[in-house]
Amino acid sequence: MSYAIVYSSHTGNTALLAQALKETLPQTGCLYYGAPDARALAADIIYVGFWTDKGTCDAAAAQFLQSLTCQQVFLFGTAGFGGNDTYFAQILERVQALLPEGAQCIGSYMCQGKMPQSVRERYEGMEDSPRRTAMLENFDRALHHPDDADLLRLKAAVTR
Ligand SMILES: Cc1cc2nc3c(=O)[nH]c(=O)nc-3n(C[C@H](O)[C@H](O)[C@H](O)COP(=O)(O)O)c2cc1C
């Protein structure tokens, strides 16, 4: 079975997951590795990586997913908000809904990814509230992700 790893990464978090996948999967059979590109479509299995934008996958990943036909797909992604499997499940549900009918999702994985400092500064400028405190705490937790444990969990998810 041939495969491709296609990923969209704005600030490097999802790229770390893609790199970990590349190291885990067999070198033989890899047709394509990189940004969304029609060359990947010839593979039997496509690992598609995205970053979360407004609660779903980013536009480049969405456009690529919609161009699939009958491939098997493993979705992987990062999101700024984490520590909550329900949140990840909601995002994955929206992303899976983009898949054309013939494409089959064979697995998925998400973890938290750090956000730019400008986001923390925006939170700091907000009026004090429990929501602001929670967002600042989440930002600081995200700073360490994806970490080694996240990458190990991804590797486990694809070899299952
Ligand atoms: C414009 C923008 C919108 C974002 N929207 C969300 C969002 O809706 N939910 C979320 O959890 N994270 C959101 N994030 C955070 C990113 O998804 C997160 O930092 C991700 O790990 C970035 O991945 P990358 O480094 O591969 O680009 C947003 C980030 C940016 C820059």
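View 1. A polar backbone atom of asparagine 13 lies 2.7 Å from an oxygen atom of the ligand. The ligand also has a nitrogen atom 3.0 Å from a backbone N or O atom of glycine 80, and an oxygen atom 3.0 Å from a backbone N or O atom of lysine 114. The protein buries 81% of the 650 Å² that the ligand exposes when taken alone (Shrake-Rupley method, 1.4 Å probe). A polar contact is a pair of N or O atoms within 3.5 Å; within protein, one must be able to donate a hydrogen and the other to accept it, and residues adjacent in sequence count only if both atoms are side-chain atoms.

The model is predicted: local features need pLDDT of at least 70, side-chain atom pairs count only at pLDDT 80 or more, and totals for chains, interfaces and linings use all residues. Residues are numbered from 1 along each chain as its sequence is written, and side-chain values use heavy atoms, with hydrogens and water left out.

**View 2. The shell around the ligand.** Ser9, His10, Thr11, Thr52 and Thr78 come nearest among the 19 residues around the ligand (a heavy atom within 4 Å). Helix H1 (13-24), strand E3 (45-53) and strand E5 (72-79) each give at least two shell residues; E3 supplies the largest share, three residues.

**View 3. Glutamine 71.** This residue sits in the loop between helix H2 (59-66) and E5. Glutamine 71 is buried, at 5% relative accessible area (buried means under 20%, 1.4 Å probe, protein chains only). Its side chain reaches the backbone nitrogen of threonine 69 at 2.7 Å.

Technical notes
Helix = DSSP H or I, 4+ residues; strand = E, 2+ residues; numbered from the N terminus. Buried < 20%, exposed > 50% of the residue type's maximum accessible area, 1.4 Å probe, protein only.
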